[in-house]
Amino acid sequence: MENERYLRGLAKLKEVDGNAGENVINSLSDIAPDFAKLLIEFPFGDIYSRPGLDLKSREIAVVAALTALGNATPQLKVHIQGALNVGNSEQEIVEVMMQMAVYAGFPCALNGLFAAKEVFAQRANQN
């Protein structure tokens, strides 16, 4: 039976990612179902559900962080999609990635921009 954190987290994840977040959770069910549960409860049930920042701000912060990491392209693409879903524009995403060149370096920013280009193209083809 799911607890309150899980249910709150699942609702928040759907708010950000629609059904795409569920695909990540389902992909872990056969190898690490407990980890999938933690992915719902902690980031989305505890952190994303806190007051103080709206989802648009939270998602652009995640895009910046994942861009700066430089090695999390699959997760970055999911969060670019989420950032767009909650009201960030393509231009805002590009600008935050360009800003990351100052702090994380040009390779990280370039990788982020190429990931964004892919996500933007996929969304354009869906419309």
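Predicted model: local features only at pLDDT ≥ 70, side-chain atom pairs only at ≥ 80, totals over all residues.

Student: How do I describe two packed helices, and what are the values for α4 and α6?

Tutor: In general, two packed helices are described by the angle between their axes and the distance between those axes. Here, α4 (residues 55-69) packs with α6 (residues 90-104) at an angle of about 40°, and their axes are 9 Å apart. That angle makes α4 oblique to α6. The crossing of α4 past α6 is right-handed.

Student: Which residues of α4 and α6 meet?

Tutor: On the α4 side, look for K56, I60, V63, A64, T67 and A68; they meet E92, I93, V96, M97, M100 and A104 of α6. The residues of this contact split into nine nonpolar, one polar and two charged.

Student: What does A115 touch, leaving out residues up to four places away in sequence?

Tutor: A115 touches T73, L76, K77 and I80. Take I80: A115 and I80 are 35 residues apart in sequence, yet their C-alpha atoms are 8.5 Å apart in space.

Student: Which domain does UniProt place at residues 33-118?

Tutor: The unreviewed UniProt entry lists "Carboxymuconolactone decarboxylase-like" there. In the model, residues 33-118 are 83% helix and 0% strand, and the end C-alpha atoms of that span lie 29 Å apart.

Definitions and conventions. Residues numbered from 1 in each chain as written. Heavy atoms only, no water. Axes fitted to C-alpha atoms, helices over the stretch in contact; angles between N-to-C directions. Helix = DSSP H or I, 4+ residues; strand = E, 2+ residues; numbered from the N terminus. Parallel < 35°, antiparallel > 145°, perpendicular 65-115°, else oblique. Left-handed = near helix turned anticlockwise from the far one by under 90°. Contact = heavy atoms within 4.5 Å. Nonpolar A, V, L, I, M, F, W, Y, C, P; charged D, E, K, R; others polar. UniProt positions renumbered as here; feature names shortened; annotations may be inferred.
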